[in-house]
Amino acid sequence: MKIEDREKAVAPGLVVNIERIFLMIKKRFREEFEQRIARIEGEVSKLRPFAKELEESEEKYAKLVENSPTGIYIDQGGYIVFANEKLANIYGYTREELIGIESWKLVHPEDRPLTNDRRKKRLRGKKVASEYEARGLTKQGYTIWIRRRNTNIEYQGKPAILGNAVDISRQKMAEEELRKKNEQLKNFIRIISHDLKNPLISVQGFSTRLLKHYGEKLGKKGKTYLEHVLTSGHKMEELVSDLLTWANMGNIVYRFEDTPSKDIIKRVIKELDHDLKGYDIELVQEDNFPVLTCDEKRIYQVFLNLVSNAIKYTRNTNSPRIEIGYRDVQKFHEFYVEDNGIGIEPKDQERIFEMFQRGKGGKGEEGIGLGLAIVQKIIGDHGGNVWVESEKNKGAIFYFTVPKNLTPNTKK
Ligand code: ADP
């Protein structure tokens, strides 16, 4: 006899009860199931607008990437796995050709170590500048200049690099052209200045001798004329010297050494002593000048230009006064040269640091507007800053800083 038959035989009422209970349970489950389905449907209908938004946003981003004027790509494991149309245009490939290509093939052979090193470091999570310039190689074998911007991303679950590439070849060509023209101009100025120096020395030398040995014979008027020749010769000497310094600026190899700034300032004052005394200028100096890691010759030039200017633009004021001072400003040494001269109008205060730019006060004084440009270049090359605070007719304070962390004997 089967078990069920046995049960039916033993307790026929029990089977009926079990069936009823089973039906009840089934009903409960169905109800609960239906409720759950309804709840899920509710949730889904709430999410539906977001799904649409997501779809729209994906479409928007796809359009942005496709129409971008910048080349956009994804590099995964050293292969291009995504590229937009612009990137294909830049490198002269079709998009289909680009997908799957090894990314090093898009880089100029000489710049491959650089880009490879950056890629490895970036993927290892090391800090690398996200933007840099490197040469690229087109399918046709032409060299192009590319400005790249890279970001780490996850693409299809694996780490990858999202890259932006802008073709800057035209800009680079223009820069190179400009650099060559500038170099030609500097060479020309170097030759002219050299050629001018010798006749100038003769004019100065013979005028001085003439004044010394024949001054009495020349009479008062003759002596005055000769003194004018000497003054003009001196001015011309300064102009030629400014031009030569400027023309040689690009070729400077900086040597940073520990130098007491007190000694540099002392030499500058000695050099300008004649003018300081001649114009009866009161000179005030602080006594806290530090040891400076710098290129001594260049910083001498900086002080010389600033103090010469202070003399030049102060000498005709009442009670002319020049002060040279120093402040310790955390990571920087800060120097200043202050005068009580003619001052500088606010609108001129930035412009005067540019080459061949002179302020209103500069008219009538000797100079060609190179002194401050030279100062700015030298200070910039030392990693510092230079600026001025001034009011018209209330004097000027020129400040400059030099970082304390320069390493001696560093070549730049
Ligand atoms: P230059 O003195 O040959 O004109 P600089 O480059 O040394 O060239 O200076 C640029 C201009 O800045 C000057 O023409 C002058 O107008 C202004 N300037 C510089 N130093 C001072 C100063 N100490 N006081 C007033 N004006 C100044």
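**Salt bridges in a predicted model**

Lys172 has a relative accessibility of 18% and therefore counts as buried, the cut-off being under 20%. The model is predicted, and it holds 31 salt bridges.

- Lys172 pairs with Glu175 in a salt bridge whose closest N and O atoms are 4.0 Å apart.
- Both residues sit in helix H6 (residues 169-248), and because they are three residues apart there, about one helical turn separates Lys172 from Glu175.
- Glu175 has a relative accessible area of 39%, which means that Glu175 is partly exposed, whereas Lys172 is buried.
- A network of salt bridges links Lys172 and Glu175 with Glu133 and Arg147.

**Glu282 and Arg321**
- A salt bridge joins the side chains of Glu282 and Arg321, at 3.9 Å from N to O.
- This pair connects distant parts of the chain, since Glu282 belongs to strand S7 (residues 282-285) and Arg321 to strand S9 (residues 321-329), 39 residues apart.
- Glu282 is partly exposed at 45% relative accessibility, and Arg321 is also partly exposed, at 29%.

**Arg327 and Glu334**
- The side chains of Arg327 and Glu334 form a salt bridge with an N to O distance of 2.4 Å.
- Arg327 is partly exposed, its relative accessible area being 46%.
- Glu334 has a relative accessible area of 6%, so Glu334 is buried.

Conventions: Residues numbered from 1 in each chain as written. Predicted model: local features only at pLDDT ≥ 70, side-chain atom pairs only at ≥ 80, totals over all residues. Heavy atoms only, no water. Helix = DSSP H or I, 4+ residues; strand = E, 2+ residues; numbered from the N terminus. Buried < 20%, exposed > 50% of the residue type's maximum accessible area, 1.4 Å probe, protein only.
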